[in-house]
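Okay, thanks for having me, everyone.

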Amino acid sequence: MVTSRIPGFYKLPLVERRHAAAEVLGVKVSELESALGLGGFDVKTADKTIENVVGTYALPFALGLNLQMNGRDYLVPMVVEEPSVVAAASNAAKMARAGGGFFAESDEPIMIAQVQLDRVPDVREATRLLIDRKAELCELADRAVPNLIARGGGTRDVIVRDLGEGWLVVHLLVDCRDAMGANLVNTIAEAVSGRIALWTGGRIGLRILSNLADTRCVRIRCAIPPHALVAEGHAGERVRDGIVRASEFASRDPYRAATHNKGIMNGIDPVVIATGNDWRAVEAGAHAFAARSGRYSPLATWRISRGALNEARPAEGEEEGWLVGEMELPLQLGIVGGTLRVHEGARFGLMVSGVETAQELAMLAASMGLASNLAALRALATVGIQKGHMALHARSVAIAAGATGDLVESVALAIFEANNVTVDAARAELMKLTSSFASAAQ
Ligand code: NAD
């Protein structure tokens with residue numbers, strides 16, 4: 001059983017951190033280094049993957065810690081360039097542990113294939129006909145993806161939507177099992193479109209998946225006792241109340257909801273990228289889902305528990321006065337096919353996650369999303385976001401000013417403590433430190 005608690009991990013030098021990670025993961029350090037060396041993607045493979053390649057582009061690969069989901073510990077692979085995302089989410093995941101971690105559930109991995117028609121002479125009759133012949137349509141669809149059928153997936157339902165003025169769209173709901181499913185679903189849409197046109201007399205338009213994968217949602221919840229929320233000089237109850245107010249702000253204002261949801265995606269996208277998944281699909285689905293009521297809304301909300309006995313849906317481990325976070329969003333993730341075929345780093349990321357199904361990966365990514373949201377709201381409700389962010393951002397600023405090796409930490413600390421995290425201040429500090437080293441060496 002993997003533990004996601006590795007105390008002091010962030011303080012270790014890189015080489016020792018790699019040893020500690022390899023030990024927890026049960027792999028050799030050489031395996032880790034070979035999978036992630038050169039970003040896990042060599043240029044020759046890259047050249048076969050997309051067009052017009054002239055190189056590759058690396059990002060940091062980190063481990064998110066402390067995450068517990070449905071009673072199990074997970075190490076979370078995270079690929080992201082933004083300082084403080086990994087630290088903040090790991091810190092919040094530790095707070096959630098105090099209430100038993102994250103509780104997650106997932107829909108079946110069902111994607112939507114859209115077949116669009118226009119100039120349909122009789123939309124009502126066409127709809128009746130398509131619904132009557134649903135079984136025949138599903139059978140035709142399944143014949144296009146025999147390998148998926150062999151793995152237990154396949155077409156589960158057909159829905160017809162009237163878009164007005166002779167426009168009609170047929171949704172085929174396809175269980176993609178452990179694949180993200182875009183190509184599978186597109187194959188199906190193309191395979192059935194001729195028959196649909198014949199039956200309805202309409203003109204065929206687009207045949208492609210929908211990224212608003214609202215048939216493939218995950219729901220995440222956590223309940224946290226106030227004592228676990230205490231922040232420098234702020235009592236737990238006060239932090240809890242501040243988070244609830246921040247959540248209400250997001251519900252009342254789309255301008256805030258966008259930033260609230262960006263904070264959620266801070267936890268989700270790094271897992272999506274680290275496991276070779278399509279983050280544009282995930283982003284499109286998340287934001288379309290956030291706007292499904294016609295008003296852009298927060299994907300996660302926070303409330304104070306009135307106690308399990310008083311809740312409409314009694315929740316595990318929840319007690320009166322605890323902070324409860326809840327989130328629902330579509331996540332179209334795969335653990336087979338796509339980029340995983342070609343990207344060694346992504347395969348390593350998937351191994352790190354320890355998940356066995358695409359649904360489990362979606363729940364894991366979403367848990368990290370809710371953790372990220374908690375971290376951001378807690379900081380905003382107390383000391384403000386900049387303090388934690390700047391402490392970590394100071395390192396990039398120090399590097400930008402030319403610091404290397406041990407000087408990075410020294411310069412970063414100095415400019416952070418002086419409350420002046422700028423490249424100019426870092427340059428001045430670097431000059432001061434290097435000249436004092438030089439005079440000490442004379
Ligand atoms: P894919 O084409 O690699 O298909 C998945 C393959 O895995 C299938 O051949 C399937 O038979 C096989 N498979 C093996 N084990 C399986 C299992 N346990 N469960 C299910 N399938 C199994 O990939 P895909 O998932 O169909 O499509 C994903 C790719 O499509 C991504 O690279 C994505 O970027 C891209 N894409 C996305 C969009 C979009 O989101 N709008 C559009 C087009 C393409």
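Before anything else, one term: when I say helix I mean a DSSP run of H or I with at least four residues, a strand is a run of E with at least two, and both are numbered from the N terminus. And please keep in mind that this is a predicted model, where local features need pLDDT of at least 70, side-chain atom pairs count only at pLDDT 80 or more, and totals for chains, interfaces and linings use all residues. Residues are numbered from 1 along each chain as its sequence is written, and side-chain values use heavy atoms, with hydrogens and water left out.

With that term in hand, take His-393, which sits in helix α14, residues 385-400. Buried or exposed, or in between? The cut-offs are under 20% relative accessible area for buried, over 50% for exposed, and partly exposed in between, with a 1.4 Å probe and protein chains only. His-393 comes out as partly exposed, at 26%. Contact, by the way, means heavy atoms within 4.5 Å. Not counting residues up to four places away in sequence, His-393 touches Pro-83 and Val-421. For a sense of distance, His-393 and Ala-92 are 301 residues apart in sequence, and their C-alpha atoms are 19 Å apart in space.

Now let's zoom out. The protein chain has 16 helices and 10 strands. Its radius of gyration is 25 Å, close to the 22 Å from the globule rule for 442 residues, so the chain is as compact as a globular protein of that length. That radius is taken over C-alpha atoms, and the rule is 2.2 Å times the number of residues to the power 0.38. Along the principal axes, the C-alpha atoms fill a box of roughly 90 × 60 × 40 Å.

What share of the 442 residues is buried? Buried residues make up 49%. Among contacts between residues at least 6 apart in sequence, 73% join residues at least 24 apart. The chain exposes about 21,500 Å², with carbon and sulfur atoms supplying 54% of that. Those areas come from the Shrake-Rupley method with a 1.4 Å probe, and for residues only the protein chains shown count as cover.

On to the inside. In soluble globular proteins, nonpolar side chains tend to be buried together. Here a nonpolar core is a set of buried Ala, Val, Leu, Ile, Met, Phe, Trp, Tyr and Cys residues joined through side-chain atoms within 4.5 Å. The largest one has 63 residues, and those with the most contacts inside it are Ile-268, Met-327, Leu-329 and Leu-331. Helix α13, residues 358-381, gives the largest share of this core, 12 residues. There's also a second, separate core of 34 residues, and Val-115, Leu-117, Val-174 and Trp-199 are included in it.

Leaving out residues up to four places away in sequence, its contacts include Ile-264, Ile-268, Leu-299 and Leu-370.

Next, a couple of loop residues. Pro-298 is in the loop between α11 (279-290) and β9 (300-304), and at 14% relative accessibility it counts as buried. Which residues does Pro-298 contact, leaving aside its neighbours within four places in sequence? Those are Ala-250, Ser-251, Ala-257, His-260 and Asn-261. Pro-298 and Ala-257 are 41 residues apart along the chain, yet their C-alpha atoms are separated by 4.9 Å.

Ala-179 is in the loop between β6 (167-175) and α8 (182-200), and it is buried too, at 13%. Setting aside neighbours within four places in sequence, Ala-179 is in contact with Leu-184, Arg-216, Leu-333, Gly-334 and Val-336.

Then there are two residues to check on backbone angles. Leu-38 has a phi near 55°, a positive value in a residue other than glycine. Leu-38 is in the loop between α2 (29-36) and α3 (43-49), and it is exposed at 75%. Asn-66 has a positive phi as well, near 70°, but Asn-66 is in strand β1, residues 61-69, and is buried at 7%.

Last one: Leu-206, in strand β7, residues 203-210. This leucine is exposed, with a relative accessible area of 59%. Apart from neighbours within four places in sequence, Leu-206 is in contact with Gln-114, Val-115 and Gln-116.
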